[in-house]
Amino acid sequence: MLPQLSAEQVHAALPWHPLADALTQAFATPPQAPVRTAHAMSSADTLLLMPAWDDHGIGIKLVTVIPTAPRFGGHTVDATYLLLDRATGAPRALLDGEALTVRRTAATSALAARALAVTDPEQLVVVGTGRLAPWMVRAYHALLPSLRRITLWGRDERTAERQATVLLDEGLPVSAAARLADVVAEADIVSCVTTATAPVVHGSWLKAGAHLDLVGGFTPAMREADNVAVARARIVVDHVDSALTEAGDLVQPLASGVIARDAIIGDLGALLRGEIIARRDGRDITLFKSVGHALEDLAAARLALSRLALTTHSSPGT
């Protein structure tokens, strides 16, 4: 029977440090990963396909976006990940795609921040209160242990307060903020995980040396940061071709001439391999734009399956 990993199993099988190590290795020797394809099934419904493969495995994430679906809590996005054997093409496992996505997305942002933020950052602001936001807090806290203050901001202050309370109960130094501009002005790292179509973070708020992590926008019409923020920053992306096609935070300022193509220094793989230098000193503002890369899914799925197998084989009575 084909193994099926639930959301709980995926989260348990992907601790932050092993996941960060697996992603580092994947970015160092990236697999084949075409730009994802989006298929309009109707005027509102979309099917997204994200494949990747290397010498050892094939993976594809299937994402459905159906805004009118009658889901509990307004959940309109579903994702499933299929992992196959490279030699035979035979399926190896099905994994919960949402858990896989939030886990690898958060770990990738924290991994990028370790390379792009100032040494020993102390203050993080997470902008947004959707499903991804708490995972960003957890990943950053685990992978950047110098962080001593984490602030969560959302348009609905009560939602931000509820999420902050949950994270505080987990032992994380989290509080909710009422005024975004005030906390951004003090932050070493600002991570945006919204679905905004107009800028939420303004470049004039960012202090010298800040690192800006833009995660939420995944279409040319979406923006989380304004032109000033983008123009001030030294920019690294997760995948150049995808970012130039899908990331409104870059596509729009490129089209209007606010920045030139060479403002994008390179991708995260090149940064981790030491092929590019983004931060030159403690006053540079850096920006990491993530649109989601299929190599992250493949690396995370393979790690989850291997750790689950290890746990199963080492359990008493097996």
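## Terms and basis of the model

On a 1 Å grid over the protein atoms alone, a pocket is an open set of points with protein on both sides within 12 Å along at least five of seven lines, whereas a cavity is a set of points where a 1.4 Å probe fits but cannot get out; lining residues have an atom within 4 Å of a point. Grid points are joined across faces, edges and corners, and a volume is the space filled by probe spheres set on the points.

The structure is a predicted model, in which local features need pLDDT of at least 70 and side-chain atom pairs count only at pLDDT 80 or more, while totals for chains, interfaces and linings use all residues. Residues are numbered from 1 along each chain as its sequence is written, and side-chain values use heavy atoms, with hydrogens and water left out.

## The second largest pocket

The second largest pocket has a volume of about 240 Å³, and its lining consists of Ala-22, Gln-25, Ala-26, Thr-29, Pro-31, Asp-54, His-56, Leu-295, Leu-298, Ala-299, Arg-302 and Leu-303. The largest share, 5 residues, comes from H11.

By class, this lining divides into 7 nonpolar, 3 polar and 2 charged residues, where Ala, Val, Leu, Ile, Met, Phe, Trp, Tyr, Cys and Pro count as nonpolar, Asp, Glu, Lys and Arg as charged, and the others, Gly among them, as polar.

## The largest pocket

The largest pocket holds about 1,300 Å³ of space and is lined by 49 residues, of which Val-77, Arg-131, Thr-195, Gly-216 and Phe-218 lie nearest its centre. Two or more residues of this lining come from each of E2, E3, E4, E5, H3 and helix H8 (240–246), and H3 gives the most, with 5 residues. The lining comprises 21 nonpolar, 19 polar and 9 charged residues.

An open sheet is formed by 6 strands in the order E1-E6-E5-E4-E3-E2, with mixed pairing; two strands pair if DSSP finds at least two bridges between them. Strand E1 (4–5) and strand E2 (37–40) stand at the edges with a single partner strand each, so one side of each is left without a neighbour in the sheet.

Strand E4 (residues 57–65) and strand E5 (residues 77–85) run antiparallel and are joined by 9 bridges, and Lys-61 stands opposite Tyr-81 in E5. Helix H3 (residues 97–116) packs on the sheet, touching strand E3 (46–53), E4, E5 and strand E6 (91–96), and its direction makes about 75 degrees with that of E6. Contact here means heavy atoms within 4.5 Å, while axes are lines fitted to C-alpha atoms, for helices over the stretch in contact, and angles run from 0 to 180 degrees between N-to-C directions.

## Cavities

The count comes to 2 cavities of 30 Å³ or more. The largest cavity has a volume of about 60 Å³, and the residues that line it include Arg-36, Met-50, His-239, Glu-246 and His-293; its lining divides into 5 nonpolar, 4 polar and 2 charged residues.

About 30 Å³ of space lies in the second largest cavity, which is lined by Gln-123, Leu-124, Val-125, Arg-149, Thr-151, Val-183, Glu-186 and Ala-187. Strand E7 (123–127), strand E8 (149–153) and helix H6 (180–186) are the elements that give two or more residues to this lining, and E7 gives the most, with 3 residues.

Definitions and conventions:
Helices (H or I, at least four residues) and strands (E, at least two) are DSSP runs, numbered from the N terminus.
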